[in-house]
Amino acid sequence: ELGELHQAVAGFADVSAEKTTDFHFNHIGKKILIVEDVDINRQLLYEILSSQYEVLQAANGQEALKILDASYSDIAVVLTDLQMPCMDGYELIKQMKRIRQYSNIPIIVTTGTNIDDQASANAIEVNCFDLGASDFLVKPYNADIVLNRVKSIIRLRESTTMLTTLEKDSLTGLYEKDFFFRKVEQYLKDFPDEDYVMW
């Protein structure tokens, strides 16, 4: 996996083999939170995902926020239904994006196939993406699709985290040398007529 991540960021950072080998994503967990009020749907997702991940479960958005409050640093992805009592999926997405600690956790929305027309289905998807959802899964669930979507979202999050981490030195908070040079080069291209003082 580290080799794949190294390839993913090769265009953005000059990472030595030694540095890449020493880089680990211990701060990103492999727990999945399922938020679904229908027991059978929640159980189906649990059976699909529990072979590869630790799975946490909530019956509505309020329960999900309590779980996030206790375990947000370990949760890699949240899968949420939209129509639920107490707090629906729309409100859960809004709350997660408002709270800094939860805002970077990817959200996959699970939707039914019994939506009246395609225009309504498209409007729901657009609304969820606008709120901050990362992806969609359609019921009934296909195990291979569920696992691959979750895996892809986790890899994307890890790659993004690696890129962000490689921008700055963890001790000083200053830009890493290579990233700094690229940043300056781009800045000079964007504003060629400005006067600069460098030391």
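The structure is a predicted model, in which local features need pLDDT of at least 70 and side-chain atom pairs count only at pLDDT 80 or more, while totals for chains, interfaces and linings use all residues. Residues are numbered from 1 along each chain as its sequence is written, and side-chain values use heavy atoms, with hydrogens and water left out.

The chain contains 8 helices and 5 strands. Helices (H or I, at least four residues) and strands (E, at least two) are DSSP runs, numbered from the N terminus. Along the sequence, the pattern reads α-α-β-α-β-α-β-α-β-α-β-α-α. Of the 199 residues in the chain, 37% are buried. Here, buried means under 20% relative accessible area, exposed means over 50%, and partly exposed lies in between (1.4 Å probe, protein chains only).

Strands of a sheet pair through backbone hydrogen bonds, either parallel or antiparallel. Two strands count as paired if DSSP finds at least two bridges between them.

Strand β3 pairs with two others. Its parallel pairing with β1 has 5 bridges. Lys31 has Ile75 of β3 as its bridge partner. The parallel pairing of β3 with β4 has 4 bridges. Here Thr80 stands opposite Val109 in β4. β3 is mostly covered, with 7 of its 7 residues buried. Together, β3, α5 and β4 make a right-handed β-α-β unit. Right-handed means that, with the strands pointing away from the viewer, the path from the first strand over the helix to the second runs clockwise. β4 also runs parallel to β5, and 4 bridges join these strands. In this pair, Ile108 stands opposite Asp135 in β5.

The nonpolar cores were then examined. A nonpolar core is a set of buried Ala, Val, Leu, Ile, Met, Phe, Trp, Tyr and Cys residues joined through side-chain atoms within 4.5 Å. The largest has 23 residues. Leu33, Val35, Leu68, Val78 and Met96 have the most contacts inside it. At least two residues of this core come from each of β1 (31-35), β2 (54-58), α4 (61-71), β3 (75-81), α5 (89-98) and β4 (107-111). α5 gives the most, with 4 residues. A second, separate core has 18 residues, including Leu45, Tyr53, Leu137 and Val146.

Glu36 sits in the loop between β1 and α3 (39-49). Glu36 is buried, at a relative accessible area of 1%. Not counting residues up to four places away in sequence, Glu36 touches Asn41, Arg42, Ala58, Ala59, Asp81, Met84, Thr110, Lys139 and Tyr141. Thr111 lies in strand β4. At 10% relative accessibility, Thr111 is also buried. Its contacts, leaving aside neighbours within four places in sequence, are Leu82, Phe136, Leu137, Val138 and Lys139.

Gln83 belongs to the loop between β3 and α5. With a relative accessible area of 56%, Gln83 is exposed. Gln83 touches Asp37 and Tyr90, not counting residues up to four places away in sequence. Gln83 and Asp37 are 46 residues apart along the chain, and their C-alpha atoms are separated by 8.2 Å.

The cysteines complete the description. Cys86 is exposed, at 60% relative accessibility. Cys128 is buried, at 0%. A disulfide is a pair of cysteine sulfur atoms within 2.5 Å. The search of the whole structure finds 0 disulfides.

Conventions: Contact = heavy atoms within 4.5 Å.
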